[in-house]
Amino acid sequence: MTAPLDIRPARSRVNLQKLGGQVLNWLKSLIAPLIAVLIFLAIWQVMTMGPNANLPTPIRTVQDTWELIVNPFFDYGGTDRGLFWQVWSSLQRVALGFTLAAIVGVALGILVGTSSLMYSALDPLFQILRTVPPLAWLPISLAAFQQANPSAIFVIFITAIWPIIINTTEGVRQIPQDYNNVARVLQLSKSQYFFKILFPATVPYIFTGLRIGIGLSWLAIVAAEMLIGGVGIGFFIWDAWNSSRISDIIIAIVYVGIVGLLLDRLIVFVGGLVLPEEQKQ
Amino acid sequence: MAVFVEVDHVDRVFKLPEGGQYIALKNIDLQVHKGEFVSLVGHSGCGKSTLLNILSGLDQPSAGGIVLEGRQVTEPGPDRMVVFQNYSLLPWLTVRENIALAVNRVMKKHPQPVRNRMIDHHIELVGLQKAAHKRPGEISGGMKQRVAIARALAIRPKLLLLDEPFGALDALTRGGLQEQLMKICQENEVTCIMVTHDVDEALLLSDRVVLMTNGPEAHVGQIVDVPFPRPRERMEVVKHPNYYSLRNEIVYFLNQQKRAKQHKAKPVVAMAANGLEKVNLELGFIPLVDCAPLVVAKEMGFFEAHGLANVTLNREPSWNAIADGVTTNRLDAAMMVAGMPLGITLGYGNQRPRPMVSALTLSRNGNAITFSKRLYDQGVRSLADFKAALDRRPDQIHTLAAVHPTSMHNLLLRYWLASGGIDPDRDVSVTVIPPAQMASNLKAGTIDGYCVGEPWNVRAVQEGIGVVVAIDNDIWPGHIEKVLGVTEAWANQYPKTHVALVKALLEACEYCDDRRNREEIAELLARPEYVGASESYIRQGFLDPYDRGDDSEPSQVLNYIQFFTGKTNYPDVSEAIWLMTQMARWGITPFPRNWLEVAERVKRADIFGQAARELGLLDIGRDRRPTQLFDGIQFDPDEPLKYLEKFAIKRDLRIEEVPMEEITVP
């Protein structure tokens with residue numbers, strides 16, 4: 001075997017070519033969405049060019065908010081901070097509320113999924129509660145917590161928890177009979193069954209739940225912050241509206257959209273790291 | 001050989017969601033010895049996998065049970081490891097972790113290094129060292145199946161259950177894995193039960209192939225012994241002289257089951273032609289030398305000569321299947337054991353009485369009682385020796401077999417035993433086994449002897465596993481043996497067809513008793529679709545001198561099987577009365593107070609007479625006079641109750657009026 005010396009450079013060449021090809025493909029796939037965005041901007045520009053237009057044109061929007069765009073990190077005290085800080089404090093709330101929801105939701109989901117008594121008792125309740133709009137919870141949580149911040153976190157929690165519970169429950173109930181048969185034949189103990197079979201088999205469902213949950217909580221936080229004030233992207237938008245800074249609102253909406261997308265991608269990415277090939281959905 | 005796993009009369013009934021029930025398995029009875037490899041073969045939906053699940057404890061039988069090494073199986077456990085059809089590996093664990101999960105769980109008592117060695121050893125055994133740290137998603141189907149087998153073997157199960165383990169693999173991988181499995185099982189003496197669709201796979205791997213009938217109410221149809229020597233090589237097995245006959249036997253069984261399924265799917269319409277009401281007949285037979293009249297009538301064109309243009313012969317797995325087939329109208333008519341038409345009419349085995357008709361006796365004689373070589377080696381040469389052997393070892397249970405409760409074999413065997421002072425219910429156990437399974441059961445040691453028709457005695461003698469201790473001529477020469485049976489409703493619905501059928505079979509019987517034709521008939525019978533046994537087995541007694549296997553010179557037996565001579569075919573009422581006395585004696589049916597009415601109703605001499613006259617043959621029966629068996633007790637057909645009183649060994653007699661008018665409803 002004298003081949004290895006020759007093989008290595010050959011391999012890396014192949015990889016370089018491959019990488020180049022991938023980049024090219026990626027660029028190609030960007031062309032269509034880019035054109036779509038340009039057309040959208042053009043239509044926006046045309047429709048808002050008239051003297052009586054209520055909304056600014058895209059060019060005007062960028063001109064108005066140039067300072068916000070180029071410097072997202074300024075902090076002049078109070079609520080007068082750069083967009084990064086606004087988003088950051090919103091994200092902190094979401095992180096806290098969502099983490100709580102994930103922990104409680106997965107635990108509850110497994111409990112409900114493993115016991116058919118619990119399932120028949122609680123599933124109707126979950127089905128009703130999950131349809132309640134997030135903001136409907138806000139007055140109750142304000143009444144309960146008396147403070148703005150915990151109330152916002154609670155709203156996140158209560159919004160995100162339902163899809164997590166429901167998907168986890170479904171995951172537990174959908175464990176393939178084959179895996180249960182293996183567990184029964186091997187007479188696995190309760191804890192072994194939980195860690196070796198039940199939990200791993202449920203993980204794909206849990207991630208589906210988490211993905212829906214994070215989307216919902218990002219929706220909820222913007223709305224909640226509009227009502228409770230303080231630093232945060234939601235209040236930033238409300239504040240801009242009150243001061244008639246329409247351009248600021250538009251730029252904040254772009255931020256909200258991008259961050260929402262990134263959060264969603266983040267969950268998918270983590271799921272990809274955790275799940276083996278056969279279980280990916 | 002001790003029984004290792006016993007499937008004891010297992011039923012499995014599923015409740016249907018809309019109410020009602022589906023009987024998947026009915027009365028499955030099977031014994032497996034240690035180190036044995038048994039395959040379950042049958043069509044899809046025959047409940048093979050259900051049976052395997054019951055064996056593993058994952059499913060529970062509705063009745064009966066599984067006994068493993070003397071203990072009942074109630075829950076799944078690692079001593080009965082399953083190799084699942086779809087591998088059932090955990091996708092989040094690597095190959096090694098999958099095996100380790102099982103080993104660490106089951107071998108808790110061993111220290112970790114020992115367990116690690118076990119795991120590595122089994123990964124090596126299936127040649128997966130390189131893939132040990134891959135997850136199931138990254139390896140091929142064949143590799144996954146090897147992991148599943150390694151996982152199962154690593155925990156040293158007492159019983160390995162395999163559910164179509166090679167079903168999803170390509171031919172090359174399958175071949176390699178089969179050989180690996182065979183080697184591993186043999187080296188480690190693993191007892192295996194495998195479900196498969198593949199006949200060649202079953203023959204290559206198994207010691208016995210259990211053929212299951214179609215569901216609902218699937219049961220063991222036939223058990224085929226696979227006598228190939230081990231260790232086996234694929235190419236050598238295929239060259240074995242018995243390979244194709246065994247393969248044919250299995251394929252024939254499966255084809256027959258398929259036909260039965262199609263038959264159930266579409267109700268058969270009677271086709272009228274040639275002046276007959278129905279010319280498409282389904283006839284049932286059992287693979288025995290005395291099915292010759294049916295085979296001859298079919299092959300020599302006697303059916304067609306009498307206008308029966310479309311007759312199908314159905315090889316049935318057991319006499320019970322024959323009784324079921326005729327009473328459920330799946331079969332138009334069938335060869336039956338002598339007492340079956342009477343038994344069904346009287347409602348044997350607590351079944352609903354259904355009036356039957358028999359207008360023709362097909363054969364006389366042709367049975368023998370075979371004891372296992374083991375009994376013979378212990379010095380049992382005669383009935384008296386057997387009695388002495390039983391008295392010596394009262395703790396041992398001897399099991400003898402006959403083919404059906406109402407068969408002459410059962411009645412003669414019991415009569416013979418009782419005449420020697422042996423109570424067939426208390427001193428020994430008499431069980432029911434289909435004819436073709438007798439020899440294999442004798443070989444497996446599950447029975448110690450049997451009474452059956454040929455060639456199944458010859459087979460035991462030729463294979464050196466049994467010795468004939470008595471033939472019919474020693475007990476009752478010229479006794480009634482097989483009869484033609486139809487339901488009374490059928491006979492009333494198709495009277496002309498019935499006469500034509502009797503005529504065709506009567507001519508065939510005459511043909512069978514002409515010794516010039518017997519060479520040809522022996523060849524016909526040997527075909528796999530009929531008896532499917534070696535011609536040399538069939539010839540014995542039928543043509544050639546009969547070898548009893550007791551080192552005496554094989555001798556020519558006069559009228560060993562009789563089809564025509566000596567007024568064989570007349571449906572004789574006296575014989576019917578004798579049969580009823582014996583069935584009543586052993587509690588199989590009540591004895592009818594109106595015995596003559598019942599006998600006359602079943603034995604239709606008028607139909608026989610019409611057929612015989614139309615053929616220009618004698619239409620008279622045997623002389624009505626008292627007869628006796630070998631023990632000299634007189635049977636007077638006019639005094640059946642007095643006859644019954646003469647027997648010392650008998651069950652409580654039930655003497656009942658059987659209202660024949662009420663049971664006429666079909």
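Helix axes here are lines fitted to C-alpha atoms over the stretch in contact, and angles run from 0 to 180 degrees between N-to-C directions. Helices are DSSP runs (H or I, at least four residues) numbered from the N terminus. This is a predicted model, in which local features need pLDDT of at least 70 and side-chain atom pairs count only at pLDDT 80 or more, while totals for chains, interfaces and linings use all residues. Residues are numbered from 1 along each chain as its sequence is written, and side-chain values use heavy atoms, with hydrogens and water left out.

Within chain A, helix α4 (residues 83-114) packs against helix α10 (residues 233-242) at about 130 degrees, the axes lying 7 Å apart. On the α4(A) side, A:L83, A:Q86, A:V87 and A:S90 meet A:I233, A:G234 and A:F236 of α10(A), contact meaning heavy atoms within 4.5 Å.

Turning to the interface, 19 residues of chain A are in contact with 26 residues of chain B. The two chains bury about 2100 Å² between them, 66% of it on carbon and sulfur atoms; this is accessible area (1.4 Å probe) lost on putting the two parts together, summed over both. On the chain A side, α8 (177-186) and α9 (190-228) each supply at least two of the residues touching chain B, and α8(A) gives the most, with 7 residues.

Notes:
Chains lettered and ligands numbered in written order.
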